[in-house]
Amino acid sequence: MDRVPFPNSSRTDTLNEQKAINDVAYQSSTASNGLAAIGSKTVQVAVKLLPGIALLIFWQWASGRLIKEIYVSKPTAVIARLYELFASGEIYPHLWVTGQELVLGYVIGVAGGVFAGYALGRSPRLARIFEPYVMAFYGIPKIALAPLFIIWFGIGIGSKVALASIMVFFLVFYNVFAGVRSVDRELVNLTLVMGANQRQLTYHVFLPAAAPFVMLGMRLAIPYSVIGVIVGEFTSSIQGLGLFIHEASSTYDPAGVFAGIVILLGFVTIANLIAGAIERRLLRWRTFSGSGPIDA
């Protein structure tokens with residue numbers, strides 16, 4: 001009668017120990033990779049913040065030593081002024097008015113730029129007719145239009161919205177126009193041969209091709225919308241951050257001027273973050289296809 005071999009207990013124990021060692025090594029490797037990634041991100045953030053921190057330290061030191069404080073104030077005074085403005089509620093009406101003007105001017109300018117850029121990009125005949133007029137109007141300094149808009153729309157938010165819209169419109173228009181015109185004609189013909197109608201051609205060919213150009217125009221237009229609103233408020237306004245900065249400069253309050261500028265920087269930063277999130281959402285196919293940005 002043949003004997004049934006029993007497993008070698010010492011060999012089994014050895015295998016179990018080896019497996020446990022491998023599991024521990026894998027967990028340790030994963031943890032070390034995670035820590036390395038966190039450390040790398042921390043270093044990147046620190047490198048980005050270092051120039052700004054160095055500038056603030058130099059500003060704090062130079063104020064009153066190299067330059068009179070009445071001209072440039074100092075970071076601590078600006079922080080104190082910001083706290084005072086928000087604690088007292090003085091700045092909130094200005095924030096509300098400027099925020100409305102920025103949002104309305106930006107949205108109207110982007111919508112008009114996308115529509116006009118797409119229409120002229122799809123129609124060479126319309127482009128030949130209207131492009132010279134658009135170029136001529138684009139050459140006019142937009143700031144020079146501020147007094148005219150105030151005459152037309154008054155000193156309320158209408159004139160600032162109009163000025164911001166015009167400044168945003170041209171940046172978005174030319175980017176969308178270039179994006180639509182850059183679509184490969186052979187791709188369009190192939191899509192038509194496959195039976196696509198104009199609606200499908202728009203949604204599946206032209207809009208995806210123009211999307212990077214649209215997002216570029218939208219991001220470039222953010223600071224220009226701020227410039228349009230603030231210039232309009234400098235010219236004539238009842239409330240707004242531009243009026244606040246103008247009054248602070250008239251009363252020799254550099255801390256107030258820099259406080260207003262810091263708030264405007266906050267507007268621009270938030271708008272850029274929102275635009276970046278929208279861009280990542282709409283253009284996620286670029287990352288999947290390998291055509292996205294490459295980190296060094």
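Predicted model: local features only at pLDDT ≥ 70, side-chain atom pairs only at ≥ 80, totals over all residues.
1. Start with the helix 10 and helix 11 pair. Helix 10 covers residues 241-250 and helix 11 covers residues 254-282. Their axes sit 8 Å apart and meet at an angle of about 160°, which makes helix 10 roughly antiparallel to helix 11, given that angles over 145 degrees fall in that class. The crossing of the two is left-handed.

2. As for who touches whom, helix 10 brings Leu241, Phe244, Ile245, Ala248 and Ser249 to the contact. From helix 11 come Gly256, Val257, Gly260, Ile261, Ile263, Leu264 and Phe267. Sorted by type, the residues of this contact are 9 nonpolar and 3 polar, with no charged ones.

3. On the annotation side, an unreviewed UniProt entry puts "transmembrane region" at residues 45-62, 103-121, 133-155, 161-180, 201-222 and 257-278. It's worth looking at how two of these spans come out in the model. Residues 257-278 are 100% helix and 0% strand, with end C-alpha atoms 32 Å apart. Residues 133-155, by contrast, are 61% helix and 0% strand, and their end C-alpha atoms lie 28 Å apart.

4. Last, the aromatics. The model has 13 aromatic pairs, counting ring centres within 6.5 Å. Take Tyr138 and Phe170: the ring centres are 5.3 Å apart and the planes are at 45°, so this pair counts as tilted. Tyr138 belongs to helix 5 (residues 124-138) and Phe170 to helix 7 (residues 157-181), so the pair ties together parts 32 residues apart in sequence.

Definitions and conventions
Residues numbered from 1 in each chain as written. Heavy atoms only, no water. Axes fitted to C-alpha atoms, helices over the stretch in contact; angles between N-to-C directions. Helix = DSSP H or I, 4+ residues; strand = E, 2+ residues; numbered from the N terminus. Parallel < 35°, antiparallel > 145°, perpendicular 65-115°, else oblique. Left-handed = near helix turned anticlockwise from the far one by under 90°. Contact = heavy atoms within 4.5 Å. Nonpolar A, V, L, I, M, F, W, Y, C, P; charged D, E, K, R; others polar. UniProt positions renumbered as here; feature names shortened; annotations may be inferred. Phe/Tyr/Trp six-rings, centres within 6.5 Å; stacked < 30°, edge-to-face > 60°.
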